[in-house]
Amino acid sequence: MTVAATELLARLSEIRATDPAAVPKALAKRRRRPLLQRGSLFLVAADHPARGVLKVGSDPMAMADRGELLHRLLTALERPGVDGILGTADIVDDLALLGALDGKIVFGSMNRGGLTGYRFELDDRFTAYTAEGIADAGLDGGKMMVRVADEPEALRTLAACAHAIDELSARKLPAMIEVFASELEDGRVRNRVDADSLIRAISIVSGLGTTSAYVWLKLPVVDDLERVMRATSLPTLLLGGDPGENPAGTFASWKRAMVIPQVRGLVAGRTLLYPRDGDVARAVDQAAAIVAGKRAPSPGGGGKK
């Protein structure tokens, strides 16, 4: 752990132990901004630990050091072109106490109950933010994950997400839906990456709730993404994921996808926070340049006059 990370943990622990009311106060005075300022959106994801996902590349515990994670998040949020963050309350509260969320977009992560690698992973219950909690904290939207699979647990998650979409929409808050086409293999959840399966999952999830007015999608980059994206008119952010052994290929896939009209930006976490060369600022700047190259379509383009 670096000295800076150690100091961060000590500072936050002292505040939390002696002045817990500082958390809502910090959130209440946070300076807000519109969702879109340049026609695109670039968020850093930090909700992985709440699902038990600590692995990056070959290191199974890379995200386990909270001080180090926060240090990297502060570096990322300070870079130009970064619009904000997606996280659970523990992360968001820490960053609010550190004054790092002023002028940033903040999405609260909602369903984290489907713990990665557990037998009940498809039963993805809402154990984190609620729509009411997101509104009370002055956040800018809510994010949820939906794994479409032929299992009863997936049906319960679909129903819960439909309710959450309605709850957010009633407050005029965007709902970001992360969509996967999934299946059980030897008792473990596996995400299917073929275009046809993802298209079917997108079609199902797009119909959740009583209004789609405030719904955004968050989708993995798969082969034949252009055809996949023709399944929806909903604004979409690309999922960063774990780059594995080919981070250059990951960045190249993001750049290619930015030409698709529905793609409005990127949500990436581990790829940027734990790059192989350790240079967080460089990785974030590279991603920000890709998102900055996105040109928003004309609102009247292609319509009848």
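**Figure 1. Ala 96, tucked away in helix α4.** Ala 96 has a relative accessibility of 9%, so it counts as buried, since the cut-off for that word is under 20%. This is a predicted model, and here Ala 96 sits in helix α4. Setting aside neighbours within four places in sequence, Ala 96 is in contact with Ala 26, Leu 27 and Leu 101. For a sense of scale, pick out Trp 216: it is 120 residues from Ala 96 in sequence and 25 Å away in space, going from C-alpha to C-alpha.

Figure 2. Helix α4 runs over residues 89-97 and includes Asp 94. Is Asp 94 buried or exposed? With a relative accessibility of 6%, Asp 94 counts as buried. Leave out the neighbours within four places in sequence, and its contacts are Leu 12, Arg 16, Arg 66 and Leu 70.

**Figure 3. Leu 8 and the residues it touches.** Now hop over to helix α1, residues 3-18, where you'll find Leu 8. Its relative accessible area is 10%, so Leu 8 is buried. Which residues does Leu 8 touch, not counting those up to four places away in sequence? They are Gly 67, Leu 70, His 71, Leu 74 and Leu 98. Gly 207, on the other hand, is 43 Å from Leu 8, C-alpha to C-alpha, with 199 residues separating the pair in sequence.

**Figure 4. The two faces of helix α9.** Helix α9 covers residues 247-257, and its buried residues are Thr 250, Phe 251, Ser 253, Trp 254 and Ala 257. Look down the axis of α9 and these buried residues fall within an arc of 160°, so they line one face of the helix. What do they pack against? Their partners are α8 (225-229), β8 (236-239), β9 (263-268), α10 (270-273) and α11 (280-292). On the face of α9 turned away from the buried side, you'll spot the exposed residues Ala 248, Lys 255 and Arg 256.

**Figure 5. Inside the largest pocket.** This pocket has a volume of about 1100 Å³. It is lined by 44 residues, and those closest to its centre are Phe 180, Pro 220, Leu 239, Gly 241 and Asp 242. Which element gives the largest share of the lining? That would be α9, with six residues. Elements that each supply at least two lining residues include β4 (141-148), β5 (175-185) and β6 (188-192), along with α8, α9 and β9. Sort the lining by residue type and you get 18 nonpolar, 10 polar and 16 charged.

**Figure 6. Two aspartates with a positive phi.** Here's some background: most residues other than glycine have a negative phi. Asp 186 isn't a glycine, yet its phi is positive, at about 55°. You'll find Asp 186 in the loop between β5 and β6, and at 79% relative accessibility it counts as exposed. Asp 224 also has a positive phi, near 60°. At 39% relative accessibility, Asp 224 counts as partly exposed.

**Figure 7. How confident is the prediction?** Over the protein chain, the mean pLDDT is 93, and 95% of the residues reach 70 or more. Residues 301-305 are another story: their pLDDT is below 50. Beyond near neighbours in sequence, that stretch has one contact in the model.

Technical notes: Residues are numbered from 1 along each chain as its sequence is written. This is a predicted model: local features need pLDDT of at least 70, side-chain atom pairs count only at pLDDT 80 or more; totals for chains, interfaces and linings use all residues. Side-chain values use heavy atoms; hydrogens and water are left out. Buried means under 20% relative accessible area, exposed over 50%, partly exposed in between (1.4 Å probe, protein chains only). Helices (H or I, at least four residues) and strands (E, at least two) are DSSP runs, numbered from the N terminus. The arc is that of the directions from the helix axis to the C-beta atoms. Contact means heavy atoms within 4.5 Å. pLDDT is the predictor's confidence in each residue, from 0 to 100. On a 1 Å grid over the protein atoms alone, a cavity is a set of points where a 1.4 Å probe fits but cannot get out, and a pocket is an open set with protein on both sides within 12 Å along at least five of seven lines; lining residues have an atom within 4 Å of a point. Grid points are joined across faces, edges and corners, and a volume is the space filled by probe spheres set on the points. Ala, Val, Leu, Ile, Met, Phe, Trp, Tyr, Cys and Pro count as nonpolar, Asp, Glu, Lys and Arg as charged, and the others, Gly among them, as polar.
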